[in-house]
Amino acid sequence: MTQDILSNEEALITQSGYQKIEEELEYLKATRRLEVAERIKVALSFGDISENAEYDEAKNEQAQLEERISKLENILRTAVIVDESKLEHDVVNIGSWVKLDYEGEIEEYTIVGSAESDPSSSKISNEAPIGKALMGRREGESIEVQVPNGVVNIKILEVRR
């Protein structure tokens, strides 16, 4: 689904992000579910489940797995895939790669929807303070951003898709 106007429940996502979530969901449903079910089956074979740590651990893993599957299904159900071909290449938007002067340090990020956010991989959400402040900005602009630790000054050195 591609849209320009969003409701509060819809999640912006890139096409590649959508595909990664689909792949993870398929793996969890087709492979991990079977692995966890087998662990539960083996743990049950040990007998009394009231004092069976293996069974408790496997059931906890199953609950976490089902929670992750539910979360991914919800993301896919509410996702709005951003049509990057309709976006200006020199304006920061979902899918943009940006190079920033972050108070004297050079940082590089890809701006993504909140469902794809992964700061450890330099993917920041368009809803995070810095991501939000960058949206719609152009190369060469300087901005001040309110972050949890105060205000930071950022200069946009480069924007590309």
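Tutor: Let's start with charge: between domain 1 and domain 2 the count of salt bridges is 0. Keep in mind that this is a predicted model. Polar contacts do turn up, though, with 2 residue pairs found across the interface of the two domains, both at pLDDT 80 or more. On the domain 1 side, strand 1 (11-13) and helix 1 (15-44) each put in at least two of the residues that touch domain 2. Helix 1 gives the most to that side, with 3 residues.

Now for the area. Domain 1 and domain 2 bury about 540 Å² between them, and 65% of that is on carbon and sulfur atoms. Of the area that domain 1 buries against domain 2, Leu12, Ile13 and Thr14 supply 65%, more than any other three residues.

Stepping back, the domain assignment puts domain 1 at 11-81 and domain 2 at 85-160. Their contact takes 7 residues from domain 1 and 8 residues from domain 2, while the C-alpha centres of the two domains lie 32 Å apart.

As for a name, UniProt lists residues 12-81 as "domain: Transcription elongation factor GreA/GreB N-terminal", in an unreviewed entry. That span is 80% helix and 7% strand, and its end C-alpha atoms lie 6 Å apart.

Conventions. Residues are numbered from 1 along each chain as its sequence is written. This is a predicted model: local features need pLDDT of at least 70, side-chain atom pairs count only at pLDDT 80 or more; totals for chains, interfaces and linings use all residues. Side-chain values use heavy atoms; hydrogens and water are left out. UniProt positions are given in the numbering used here, feature names are shortened, and annotations may be inferred rather than shown by experiment. Helices (H or I, at least four residues) and strands (E, at least two) are DSSP runs, numbered from the N terminus. Domain bounds come from an automatic or database domain assignment. Contact means heavy atoms within 4.5 Å. Buried area is the accessible area (1.4 Å probe) that two parts lose on being put together, summed over both. A salt bridge is a side-chain nitrogen of Lys or Arg within 4 Å of a carboxyl oxygen of Asp or Glu. A polar contact is a pair of N or O atoms within 3.5 Å; within protein, one must be able to donate a hydrogen and the other to accept it, and residues adjacent in sequence count only if both atoms are side-chain atoms.
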